[in-house]
Amino acid sequence: MNFDWNVIWTHRQALLEGAAMTIGLTVVTMLLAVPGGILLALMRLSSNKAISSASLAFVEFFRNLPLILVIYWAFYVMPIAFDVQFSALTTALVALVLNISAYNAETFRAGINSIRKGQMEAALAMGMSRRQAMFKVVIPQAARRILPVLASTWISLFKDTSLVSVIAVSELAYTSMQIRAQTFRVLEMLTAMAAMYWLMGYPQAKLVDWIHKKYGVKE
Amino acid sequence: MNPMIEAGTAMNAAANTGAQLPRKGADQPPVLLYENVRKLYGDFVALNNVSLQVNKGEVMCLIGPSGSGKSTLLRCTNVLETLNGGRVLLDGVPLPTRETEIRKVRQRMGMVFQSFELFPHKTALDNVAMGPITVLGMRVREARTRALALLDKVGLASKAESFPAYLSGGQQQRVAIARALAMEPEVMLFDEPTSALDPETVGEVLNVMKKLAQEGMTMIVVTHEMSFAQRVANWVVVFENGAIMEEGPPAQIFDHPTVARTRDFLGHLGWNG
């Protein structure tokens, strides 16, 4: 068997652009899905039954569907059902944000519930509003506690962005597969793709560990 | 009038009210007035038609067995709990029910919790400055100056930049007192402030409270520290089963309790005053 590793170097430009797209998708998804998760978690904790149920329904719907199905659904069904047509990239983002928001909602809910009631009461006793108490006292502590979970979600998301290749968003997986199809260099391209995902993913995991050590609150 | 007779009349008046001295702040309208306060948790009657008054500048200690309603009364005072009956008047005005007005009332009362409840993600200084900044909209610099002065007052200026996790229980509770004082409250509510402390740090917290009492702060203290109640309180209220069993100046409660159950309760604590 002869290998031609040059194919990787030859297509380095495309691969790097794919990697940049993968990172971009991850970052933008998380930037939207963290506030989304907080919003859903607060809705879930609301005393208003309707609001709480709506959040629960959203979370359970998107958490229990395969992400790839949500991506397909957003791409093929949304234009027909709701008469909205987005680019493949926007569609991919919508699907990812819906899915990750559902996960983040559960994470934030657990985090908020883990902060003891007295913290909220102490904030209220000072004269803060519930909103101030939540955003200045409870959520900052909850966020630090759930950082390891958010980090895991981040790493999963980073890899799961490869699923949007099915609707031809040119991130790393899609780009690699395209090159593979053009050059027939299957093993080389799959190896290159694996190496790139791992080399990008591992430092992110380490970075989060470091952030947790530095900013985690000792209680 | 003959001074001898005058003194005698005063003594007679005191004897008639059953106390050696007139109750502190009795010449002014009460700061807090509880009228037939009732609080239920499901079927459990936490407060059963409690009526009580707190005068200006008074240090009132609430004592009694666990679950007798002392803490519940405190929590009804700053509307952390809502009443099922009766009413509470602050400076003659019933406690509000609307959220924005409740917040205004809470700003006038500082609360200190058994478990401190300092915010672990903020330094001691920021814990104290947070109320003025967030609630009063004070400038950060001004709030921090006020906070530092208060930390100094509780003897912890040197710990301003420490996070709560690095402070002892007694230090945390003193920061919590400073935090409550930062809102410049008219009344301070203490909910078993020393119950979670190591014995060796109880004294430092009680000393801060004593200093506060001497400055004339109106204080309601739920406590199991009988010696504190005896030495610092102007008025002691004994709770049992959600009702007031007996109230009076410490000399009466601790030395000549008129109710047998008070004697039993103090006896259980090993109090033989």
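**Close-up 1. S101(A) sits in helix 5 (residues 88–114) of chain A.** The model shown here is predicted. S101(A) is buried, with a relative accessible area of 5%. That value falls under the 20% limit, so the residue counts as buried. Beyond its neighbours within four places in sequence, S101(A) is in contact with L32(A), A33(A), G36(A), G37(A), L40(A) and F58(A).

Close-up 2. W73(A) belongs to helix 4 (residues 67–82) of chain A. This tryptophan has 33% relative accessibility and counts as partly exposed.

**Close-up 3. Helix 5 of chain B runs through residues 140–153.** The helix has 14 residues. From first C-alpha to last, helix 5 reaches 20 Å, close to the 20 Å expected at 1.5 Å a residue. Just after this helix, G155(B) takes a positive phi of about 80°.

**Close-up 4. Helix 5 of chain B has a buried side and an exposed side.** A143(B), A147(B), L150(B) and L151(B) are buried. An α-helix has 3.6 residues a turn, so residues three or four places apart point the same way. The buried residues of helix 5 pack against helix 4 (124–134) and helix 6 (169–181) of chain B. On the other side of helix 5, R141(B), T145(B) and D152(B) are exposed.

**Close-up 5. E186(B) and R108(B) form a salt bridge.** The structure holds 22 salt bridges over all chains. In this one, the closest N and O atoms are 2.7 Å apart. E186(B) lies in the loop between helix 6 and strand 7 (187–191) of chain B, and R108(B) in the loop between helix 3 (99–107) and strand 6 (109–112), so the pair ties together parts 78 residues apart in sequence. E186(B) is partly exposed, at 36% relative accessibility. R108(B) is partly exposed too, at 28%.

**Close-up 6. K153(B) pairs with E215(B) in a salt bridge.** The closest N and O atoms are 2.7 Å apart. K153(B) lies in helix 5 of chain B, while E215(B) is in the loop between helix 7 (199–214) and strand 8 (218–222), so the bridge ties together parts 62 residues apart in sequence. K153(B) counts as partly exposed, with 27% relative accessibility. For E215(B) the value is 48%, and this residue also counts as partly exposed.

**Close-up 7. A salt bridge links R174(B) to E204(B).** The closest N and O atoms are 2.5 Å apart. R174(B) lies in helix 6 of chain B and E204(B) in helix 7, so the pair ties together parts 30 residues apart in sequence. R174(B) is buried, with a relative accessible area of 11%. E204(B) is partly exposed, at 24%.

**Close-up 8. Salt bridges in chain A form a network.** Its members are R44(A), E60(A), R63(A), E106(A) and R109(A). Salt bridges that share partners join these residues into one network.

Definitions and conventions:
Residues are numbered from 1 along each chain as its sequence is written. Chains are lettered from A and ligands numbered from 1 in the order in which they are written. This is a predicted model: local features need pLDDT of at least 70, side-chain atom pairs count only at pLDDT 80 or more; totals for chains, interfaces and linings use all residues. Side-chain values use heavy atoms; hydrogens and water are left out. Helices (H or I, at least four residues) and strands (E, at least two) are DSSP runs, numbered from the N terminus. Buried means under 20% relative accessible area, exposed over 50%, partly exposed in between (1.4 Å probe, protein chains only). The expected span of a helix is 1.5 Å times one less than its number of residues. Contact means heavy atoms within 4.5 Å. A salt bridge is a side-chain nitrogen of Lys or Arg within 4 Å of a carboxyl oxygen of Asp or Glu.
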